[in-house]
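Here are some friendly notes to read beside the structure. Take the points one at a time and find each residue on your screen as you go.

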Amino acid sequence: MIVDILLQIIKIIVIFAVILTCVAYLTLMERKCLGFFQVRLGPNRVGPWGLFQPIADGLKLFFKEDMIVLHANKFYFILAPVISLVAVLSCFAVVPFAGNAYIIDIPVAVLYLMAISSVGVYGVLLAGWSSNNKYSAMGGYRATAQMISYEIPLALALVGVLILSSSMSIVDIVNSQKGMWYIVKQPLGFIIFLICTFAETNRCPFDFYECENELVAGYQTEYSSMKFALFYMGEYAHIFLASCLITLYYLGGWNGPVLPALVWFFLKVFFCAFCFIWIRATYPRIRYDQLMNLSWKVMLPLAFLNLIVTAVIIVMF
Amino acid sequence: MIKPLIIGLWTTLRHFFSRSVTLKYPEEKWTPPERFRGRLIHLTNEEGKPLCIACGLCERVCPSSCITIESEKNPDGPGKVVTDYRINFLRCCFCGLCVEVCPKNAIVMGHEYEMASEDRESLTMNLDQLLDKRMKSGNQ
């Protein structure tokens, strides 16, 4: 009994260490790739090819002065970054990395993911609100509106996958993709899911929470030191989570020939992460009203269409 | 609507694989172009004496007044000889007016651009530092 619990705890620690390392190196990957996209080199001073850059960044943030502005609501101000990181990290509890490398496989994993990842928006909203600052507040409000708008098409696009696999357990979803990935069966659903995850993870071209040239840094304006670092870790963990989910739902998870399952999984995940960076390097931010129109007038009807067509085909054949 | 988006992605991807234009500065040095206006150099004649006749035109034309000339009467011949010639590179704006105005072409602009220093005094250079021992009177 105790041995079981200990083993479980060790498993959790190992998996979370892997995740946090991946998240830290995602920041380096982003800076490097953005450098290459802009025909420069990116960070290359700290260690070989800049490999120790994330460590240097972390140390720097650790030693920065941790400020709490006087007019902020102290409790929520401190709570906000914690929520946004914890919400994302707890999602990883149900994310399987390979056939048996996961913390837990619950039969309603997809539902759990939808629920917990939505909690993350409270972090942003509370941060914006408790800062008592117009830019932060604007960032927080926009975050809420954007989250609510894009959660719906996201969930609807996902229902297509659930119909095909007739299961809500992620391991089952991946296992049912042996032979054919759902990106082939659900191309429209995949595109909707992709666009919505960009909005959910607060990435270009939908980075309205911070929106540096309109809102200074949005909800992060008043944050410094480790609290700022927590937000950033949350953000990159969210990108990593989104890449994992795209891989698991649409790109066949760890299925693939020749190479071991884990290698396939991480190849696909980092390809997705690369796409995130690629799109950030390519597209400018769209206008706020366009963002809302895109969600309610384009994404939502398309998601319904995708759902209906999938359902009809499943029932007919 | 979709086509331009894909063209954009393709363009950025091409740039991703193209060679970076960054010069890894401290390791790789930049070669300045022929007419680069770097640190000023004082030229000498064949005997190693400065070409400067201490006329004071450069001192006068300098917009940032960074040139100071000290001279004495030539002991063996007409005119003056320069005893000290100081340029304060903290003030110099590398405009090249002194080079243009010099009747003897005694002062030229060199190619040295790494002039960062930790103390102010070392940036006021005297005649000895300005004389380029390697360039013997050559380009007049």
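1. Let us begin with helix α12 of chain A, residues 288-316. At 1.5 Å a residue, its 29 residues should span 42 Å, and its end C-alpha atoms are 41 Å apart, which agrees. The expected span here is 1.5 Å times one less than the number of residues in the helix. Helices (H or I, at least four residues) and strands (E, at least two) are DSSP runs, numbered from the N terminus.

2. A word on what you are looking at. This is a predicted model, in which local features need pLDDT of at least 70 and side-chain atom pairs count only at pLDDT 80 or more, while totals for chains, interfaces and linings use all residues. Residues are numbered from 1 along each chain as its sequence is written, and chains are lettered from A and ligands numbered from 1 in the order in which they are written.

3. Where does α12(A) kink? Look at M299(A), shortly before the proline P301(A): the kink there is about 35°. The bend at a residue is the angle between axes fitted to the seven residues ending there and the seven starting there.

4. Which residues of α12(A) are buried? They are L291(A), S295(A), M299(A), A303(A), N306(A) and T310(A). So M299(A) is both the site of the kink and a buried residue, by this definition: a residue is buried if 20 or more other C-beta atoms lie within 10 Å of its own, exposed if 12 or fewer, and partly exposed in between, with C-beta atoms placed from the backbone. The cover over these buried residues includes α5 (134-165) and α8 (187-200) of chain A.

5. Follow the cover to α5(A). This helix has 32 residues and reaches 46 Å from its first C-alpha to its last, close to the 46 Å expected at 1.5 Å a residue. Just after it comes S166(A), with a positive phi of about 45°.

6. Now find A229(A), in helix α10 (residues 225-250) of chain A. With 19 other C-beta atoms within 10 Å, A229(A) is partly exposed. Leaving aside residues up to four places away in sequence, A229(A) touches G58(A) and L61(A). Two residues are in contact if their C-beta atoms, placed from the backbone, lie within 7 Å. The C-alpha atoms of A229(A) and R45(A) are separated by 21 Å, and the two residues are 184 apart along the chain.

7. Turn to chain B as a whole. It has four helices and six strands, which run α-β-α-β-β-α-β-β-α-β from the N terminus on. Its radius of gyration is 23 Å, whereas a compact globule of 140 residues would have one near 14 Å. That radius is taken over C-alpha atoms, and the globule rule is 2.2 Å times the number of residues to the power 0.38. Along the principal axes, the C-alpha atoms of chain B fill a box of roughly 85 × 30 × 30 Å. Buried residues are 12% of the 140 in this chain.

8. Chain B also holds an open, antiparallel sheet of three strands in the order β2-β3-β5. Strands β2 (67-73) and β5 (124-125) are its edges, each pairing on one side only. Two strands pair if DSSP finds at least two bridges between them. Seven bridges join β2(B) to β3(B), with E70(B) opposite D84(B). Between β3(B), residues 80-88, and β5(B) there are two bridges: I87(B) stands opposite M125(B), and N88(B) has T124(B) as its bridge partner. In the hairpin of β2(B) and β3(B), with six residues between the strands, G77(B) takes a positive phi near 140°.

9. Finally, how many residues of chain B are in contact with chain A? There are 10, and they meet nine residues of chain A.
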